[in-house]
Amino acid sequence: MGSTETQSEHEPARNYVNGGWRTPAEEGLDIINPATGAHLSTVPFTSREEVDEVVATARDAFEDWSRRPVEERIQPLFRFKQLLEERQDEIARTLVQDHGKTLKEARGELRRGIENVEVACGIPTTMQAGHLPNAAPAIDETAVRKPLGVFAAITPFNFPGMIPLWFLPYAVATGNSFVLKPSEQDPLTAQRLFELIDEAGFPDGVINLINGGVDTVNALIEHDDVAGISFVGSTPVAELIYEKAAANGKRVQAQGGAKNHIIVTESADLEFAAEKTVSSACACAGERCLANDVVLVEESVYGEFADLVVTIAEDQTVGNGLDEDTDIGALISREHEQRVRNYIQTGIEEGATLLRDGRDVTVAGHEGGNFLGPTVFGDVTEDMVISREEIFGPVLGLSPVADLDSAIERLNNSKFGNAASLFTTSGVDANAFKHEAEAGNLGVNVGTVGPMAFFHFGGRKASFFGDLHAQGEDMIHFYTDKTIYIERWPDA
Ligand code: NAD
């Protein structure tokens with residue numbers, strides 16, 4: 001498919017409530033294709049009254065759904081998984097136009113989403129708690145997990161196909177009902193996902209979709225009948241949501257922003273490490289919470305490694321994500337592109353060495369797109385803004401470090417703790433890193449550390465507020481509460 005593929009206007013985004021499609025009441029935003037600047041659609045916003053209505057619907061649906069046998073609850077999930085497999089490519093194309101990333105990235109994202117549906121289908125086994133006969137004289141004790149009611153997820157723009165699926169399948173498999181509020185920046189992917197939800201045959205009201213911005217979110221987190229909130233987004237908003245939802249008596253898990261580090265030791269395979277570094281920092285145009293963009297390199301190999309990184313960065317093709325040859329797609333919006341450009345300017349003013357400048361990129365025929373090429377800084381010091389703040393663009397900074405200890409100390413000084421990676425051939429170094437690095441996802445010779453769906457996913461420090469993370473077993477704990485049955489049946 002060439003980058004000149006034409007883009008047809010999409011229907012305005014709608015809500016999916018009680019098994020039907022509805023247009024929200026309030027004026028919202030225009031949706032612009034990030035690669036072309038063309039108008040794609042609009043997204044109206046959901047009012048507080050409409051939020052009341054959807055929560056009431058979900059609450060009603062919960063009464064029946066939570067009583068259905070677990071085996072019955074997972075049947076529509078199997079159908080949903082099958083539909084996702086069949087329509088993957090079609091959804092990936094919408095995702096590319098909605099978000100700006102490449103087709104390969106969109107397909108990969110959907111694959112990770114589907115894995116979560118698969119894991120949730122195992123709920124009849126994984127939701128079991130425990131049973132002990134004769135726990136006390138003539139007494140049997142049984143622990144059970146019970147669903148809690150209506151859960152909501154508020155999700156960010158950068159993985160519109162995957163992140164809703166970190167939550168949705170587990171919430172409903174455990175017997176809850178669910179409301180998704182996707183990012184208002186790229187809401188069209190959720191429209192496609194919910195077409196499949198509609199076909200999969202969930203009972204009306206069990207899974208709902210509402211579009212909106214800050215006011216819609218506030219209406220959800222203040223609602224008495226919402227039992228819990230999952231949030232993924234930037235750190236300031238994550239902190240706010242965590243506080244507000246907790247103050248309103250809700251369960252809450254809030255994943256925030258990041259600033260991730262890669263350490264390269266002198267024993268590492270430098271070519272491999274450089275390739276993984278560029279891919280980690282620049283894939284999805286750097287708009288990933290797992291992007292490792294602070295690169296700490298042992299002094300003895302710093303020069304050689306920097307040259308390799310620049311060479312690989314030069315090789316990246318920037319363009320429309322629908323073009324199969326594109327390595328780096330568009331940034332989500334013109335405003336965000338400008339924000340990243342401002343960080344590059346800050347880096348220059350702070351005295352970092354600009355080894356490769358990605359600002360002059362042009363994509364023929366796509367003058368309206370939000371493009372930036374990979375930008376590489378050298379000699380980045382710890383105090384620099386570009387070393388401390390999340391940039392969320394294809395920009396990476398290299399720093400020479402004396403040794404592994406000083407590199408680990410520097411990454412631990414970061415206020416964030418989402419991910420970190422080490423490239424080495426030394427098991428001793430790997431062990432030191434695994435024990436001492438303070439981040440929720442640690443990679444050894446892995447550039448982007450995203451765990452499979454059967455493991456939890458979440459960061460530490462300012463990258464996460466709460467205790468139970470997304471995906472896997474943590475989701476079962478988040479979406480259920482435990483009750484103990486203590487039973488004695490004396491002979492008459
Ligand atoms: P964002 O915080 O701007 O928005 C996320 C969601 O919150 C959206 O649905 C939005 O409508 C809503 N929102 C925004 N401001 C709000 C407010 N004041 N009150 C209530 N709701 C509000 O984040 P974004 O720009 O969409 O996403 C990028 C951020 O998400 C980055 O910081 C990235 O690191 C982070 N992220 C983190 C993870 C993780 O697992 N830790 C995963 C993906 C993205």
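**Close-up views of salt bridges and the ligand shell**

**View A. Arg192 and Glu195 pair within helix 6.** Arg192 is buried, at 18% relative accessibility, because the limit for buried is under 20%. The model shown is predicted. Glu195 is partly exposed, at 29%. The two side chains form a salt bridge, with their closest N and O atoms 2.8 Å apart. They sit three residues apart in helix 6 (residues 188-200), so about one helical turn separates them.

**View B. Glu85 bridges to Lys81 in helix 2.** The closest N and O atoms are 2.6 Å apart. Four residues, or about one helical turn, separate the pair within residues 70-99. Glu85 is partly exposed, with 23% relative accessible area.

**View C. Arg356 meets Glu314 in a salt bridge.** The N to O distance is 3.4 Å. Arg356 belongs to strand 14 (residues 353-356) and Glu314 to helix 10 (residues 299-314), so the bridge ties together parts 42 residues apart in sequence. Arg356 is buried at 15%; Glu314 is partly exposed at 47%. Elsewhere, shared partners link Lys81, Glu85, Arg111 and Glu118 into one salt-bridge network. The whole structure holds 24 salt bridges.

**View D. The ligand is surrounded by 28 residues.** A backbone N or O atom of Thr155 lies 2.8 Å from a ligand oxygen. The protein covers 88% of the 840 Å² of accessible area that the ligand has on its own. Helix 7 (214-221), strand 10 (226-232) and helix 8 (235-247) each give two or more residues to the shell. By class, the shell has 16 nonpolar, nine polar and three charged residues. Domain 1 (15-256 + 463-485) and domain 2 (260-444) each supply at least three.

Definitions and conventions:
Residues numbered from 1 in each chain as written. Predicted model: local features only at pLDDT ≥ 70, side-chain atom pairs only at ≥ 80, totals over all residues. Heavy atoms only, no water. Near = heavy atom within 4 Å. Polar contact = N/O pair within 3.5 Å; in protein donor to acceptor, adjacent residues only side chain to side chain. Areas by Shrake-Rupley, 256 points an atom, 1.4 Å probe, with all protein chains shown as cover. Nonpolar A, V, L, I, M, F, W, Y, C, P; charged D, E, K, R; others polar. Domains from an automatic or database assignment. Salt bridge = Lys/Arg side-chain N within 4 Å of Asp/Glu carboxyl O. Buried < 20%, exposed > 50% of the residue type's maximum accessible area, 1.4 Å probe, protein only.
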